[in-house]
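The following note sets out numbered remarks for a colleague who intends to work with this model.

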Amino acid sequence: MRLQNYPAPGLSLRSRAAMGLLGATWRPLTRLIPNGRAGTLVSRSLIAAGLRFGSRPVRGATFERVEEGAGPVVRGEWVRTPAADRSDGVVLYIHGSGYVVCSSRTHRGLTSQIAERTGLPVFSVDYRLAPSHAYPAASDDVRAAWDWLVAQGHDPAGIVVAGDSAGGHLALLLVLELVRARRPFPAALVALSPVVELDLARGMVRDRIERDPFAAAAVARRVLRRYADEEALRSDALRVAFDDLEHFPPVLVHAGSREMLAADATELARRIEAAGFTVDHRIWPGLMHVFQAMTAVLPESEAGLAAIADFIDTHLPRGSARSVPAEVATA
């Protein structure tokens with residue numbers, strides 16, 4: 001495991017100001033938003049507005065809507081930029097937040113940046129959201145998107161699966177499901193500020209040590225419960241564990257040091273390393289939840305995105321394909 005506190009020189013003044021403002025406004029506001037349907041609509045509107053302000057798509061990016069199949073329907077969009085000219089691979093991107101808010105549209109800034117920097121087209125999947133669609137709807141939709149990409153002719157060895165926050169959790173569950181079923185799995189996995197345990201036990205402790213400027217852990221746990229209730233949390237399908245596996249792709253795990261999920265990120269990296277698999281684990285000092293998306297506000301997002309692109313280029317170099325172990329490929 002490679003654990004780095006990066007970058008070393010310290011936080012920019014702009015980032016300090018932005019996170020100070022966020023902690024003084026958005027965090028207390030989240031405690032006031034009601035937990036019902038009206039509160040869900042308010043949260044979705046506010047977060048979408050914030051991402052439109054802080055995360056702008058790459059100039060010249062295109063977004064092609066997809067809605068295909070049945071039971072479940074595959075929904076999402078192809079994200080391409082002028083620099084995304086590779087035909088030897090693709091990124092399957094799974095957005096956060098909390099299984100309740102956001103969409104492929106809210107994440108266009110981040111997905112277009114990944115496409116621009118890696119040269120790969122990105123399929124950003126829209127999974128069904130809670131509370132209207134509880135566990136396992138989101139996992140079912142993500143698996144349907146994977147199967148659809150493969151059916152479209154994309155070699156699993158040329159696919160990188162990536163996600164942030166709850167999307168990072170979904171990305172992990174997808175690859176774990178594939179590996180346990182002895183199915184071909186992706187070349188690499190990128191998990192940005194991933195949720196690892198839906199009860200947020202570590203996040204609750206971490207938030208008491210240093211307050212997350214984005215949201216209180218108690219609020220985040222309440223949101224996650226709208227997707228997975230107490231009964232669902234006991235399901236083995238929601239466990240992020242690697243001790244029973246023979247294979248797993250290389251994983252990038254990044255988080256900001258000021259977020260509650262820094263504890264989950266570190267625990268995830270520990271589990272991957274303990275199982276004997278490759279993990280690139282970085283905690284970025286002073287930064288917030290999914291800071292890589294905030295390119296219009298946080299200067300450090302540039303370095304975060306560059307690190308993601310470097311990781312993908314390392315594990316999916318141009319014109320190459322990772323060989324799938326024979327016993328997996330023929331299963």
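1. Helices here are DSSP runs of type H or I with at least four residues, numbered from the N terminus. In that numbering, helix H4 (137–151) and helix H5 each contribute at least two residues to the lining of the second largest pocket. The model under discussion is a predicted one.

2. The second largest pocket has a volume of about 210 Å³. Its lining comprises 15 residues, and those closest to the centre are Ser139, Leu173, Leu174, Glu177 and Ala237. H5 supplies the largest share of this lining, namely six residues. Sorted by class, the lining of the second largest pocket holds eight nonpolar residues, one polar residue and six charged residues.

3. By class, the lining of the largest pocket consists of 19 nonpolar residues, eight polar residues and one charged residue.

4. How many cavities of 30 Å³ or more does the structure hold? There is one. The largest cavity contains about 490 Å³ of space. Of the 30 residues lining this cavity, Phe214, Ala215, Val219, Ala220 and Val223 are closest to the centre.

5. Which helix gives the most to the lining of the largest cavity? Helix H7 does, with five residues. The lining of the largest cavity divides into 16 nonpolar, 10 polar and four charged residues.

6. Turning to the packing, the largest nonpolar core has 80 residues, and the members with the most contacts inside it are Leu92, Tyr99, Phe123, Phe242 and Phe248. Helix H5 (residues 166–180) accounts for the largest share of this core, with 10 residues. Apart from this core lies another, of 23 residues, including Ala115, Leu120, Ala293 and Leu316.

7. Leaving aside residues up to four places away in sequence, Leu92 touches Phe123, Val125, Ala145, Trp146, Leu149, Ile159, Val160, Val161, Ala162 and Leu174. Of these partners, Phe123 is itself listed among the core residues with the most contacts, while Leu174 is one of the residues closest to the centre of the second largest pocket.

8. Helix H10 (residues 301–315) comprises 15 residues and reaches 21 Å from its first C-alpha to its last, close to the 21 Å expected at 1.5 Å a residue. Within H10, the buried residues are Ser301, Gly304, Leu305, Ala307, Ile308, Ala309, Phe311 and Ile312. Their cover includes helix H3 (108–118) and the strands E6 (159–164), E7 (188–192), E8 (251–256) and E9 (279–284).

9. Most residues other than glycine have a negative phi, and most peptide bonds are trans. A cis peptide bond links Gly96 to Ser97, with omega about 25°; Ser97 sits in the loop between strand E4 (90–94) and H3. A cis peptide bond also links Tyr135 to Pro136, with omega about 10°; Pro136 belongs to the loop between strand E5 (122–125) and H4.

10. Tyr99 has a positive phi, near 70°, although it is not glycine. This residue lies in the loop between E4 and H3. Is Tyr99 buried or exposed? Tyr99 has a relative accessible area of 1%, and buried means under 20%, so Tyr99 counts as buried.

11. Val290 likewise has a positive phi in a residue other than glycine, with a value near 50°. Val290 is placed in the loop between E9 and H10. Val290 is buried, because its relative accessible area is 9% and the cut-off is under 20%.

Definitions and conventions
Residues numbered from 1 in each chain as written. Predicted model: local features only at pLDDT ≥ 70, side-chain atom pairs only at ≥ 80, totals over all residues. Heavy atoms only, no water. Core = buried A, V, L, I, M, F, W, Y, C linked by side-chain atoms within 4.5 Å. Buried < 20%, exposed > 50% of the residue type's maximum accessible area, 1.4 Å probe, protein only. Contact = heavy atoms within 4.5 Å. Expected span 1.5 Å × (residues − 1). Nonpolar A, V, L, I, M, F, W, Y, C, P; charged D, E, K, R; others polar. 1 Å grid on protein atoms, 1.4 Å probe; cavity = no way out; pocket = protein on both sides within 12 Å on 5 of 7 lines; lining within 4 Å. Points joined across faces, edges and corners; volume = space filled by probe spheres on them.
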